[in-house]
Amino acid sequence: MASMPKKPKRPPPPCPSWVWSSTSDTHTAKDRCWFGDDYIPFKSYVTDIAGGWVEVIGMGTITLSTRGSPFQTGPHSHSFLRLKNVLHTPAMLCNIIGKPIMEDYTVIPTPSSPDISGIIVANFNGSIQAYFKPMGQGPMLYQVQTHQPPSGHEFGISPLCPNGTYLIHAFWSEHERRRFEIFKASGLIRASGVGELTLAEKRWFREKRMSEEGIVLAYGLDYNRRQHREEGRAIMRILKSQAQNEPNFPIPEGHA
């Protein structure tokens, strides 16, 4: 009898597609590896224009490696976008850059250009920090031309089909934003240790149908690495604190 295939213990490669959505009021990213050291586990959700919803499991800052021009090569072609308060949404189709980018950058669309479909300019010095791929190379979306994946990773395959039609949106409600601010102010964003789970903790997580391996994989970590397992336990303890302080976590209507 053939054995059942084992579940992978490593996360998939990061999604390379970053789409500018001028109507979205937040940034979202699919993969944990994009985020920096200020990452905070947090359970929430975003909605789309059709009323659907996608789970949020964290938030943090992302420094996105980009190319400033399609005509430059070498070290001078490398640039970056610093995106603040990005929501971690593993189930989202792709990564989204929303309206908050306008706080630090200016987006200039040029959809009819054959080489690029627009640029992103830094407000503080006017330098071009990124450009959008030409529309002729894919769907009619403003896709940032990335330069490098997060350190230690290789890009996955884009989920966007060249001839596909997409509505890319993400909205984070004022209610959920207030929940996050209250959570930060509570001091519960730091876990009390990364050691092995106690028997009481294991029992609590079992009741919630949460496992150490499952959390590690859900947050884009590698279960084969000790440091990642420790981070997974820290995340579990933060989520436990959040759940115990918010027993009636809101679920969008129609999706209970």
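Helices (H or I, at least four residues) and strands (E, at least two) are DSSP runs, numbered from the N terminus, and the expected span of a helix is 1.5 Å times one less than its number of residues. This is a predicted model, in which local features need pLDDT of at least 70 and side-chain atom pairs count only at pLDDT 80 or more, while totals for chains, interfaces and linings use all residues. Residues are numbered from 1 along each chain as its sequence is written, and side-chain values use heavy atoms, with hydrogens and water left out.

Helix α4 (226-245) has 20 residues and reaches 29 Å from its first C-alpha to its last, close to the 28 Å expected at 1.5 Å a residue. Its buried residues (under 20% relative accessible area, where exposed means over 50% and partly exposed lies in between, with a 1.4 Å probe and protein chains only) include His228, Arg233, Met236 and Gln242. The buried residues of α4 pack against β3 (40-47), α1 (174-185), α2 and α3 (212-218), contact meaning heavy atoms within 4.5 Å.

In helix α2 (residues 199-207), Glu201, Trp204 and Phe205 are buried. Seen down the axis of α2, the buried residues fall within an arc of 95° (taken from the directions from the helix axis to the C-beta atoms), so they line one face of the helix. The face turned away from the buried side of α2 carries the exposed residues Leu199, Arg206 and Glu207. After α2 comes arginine 209, whose phi is positive, near 55°.
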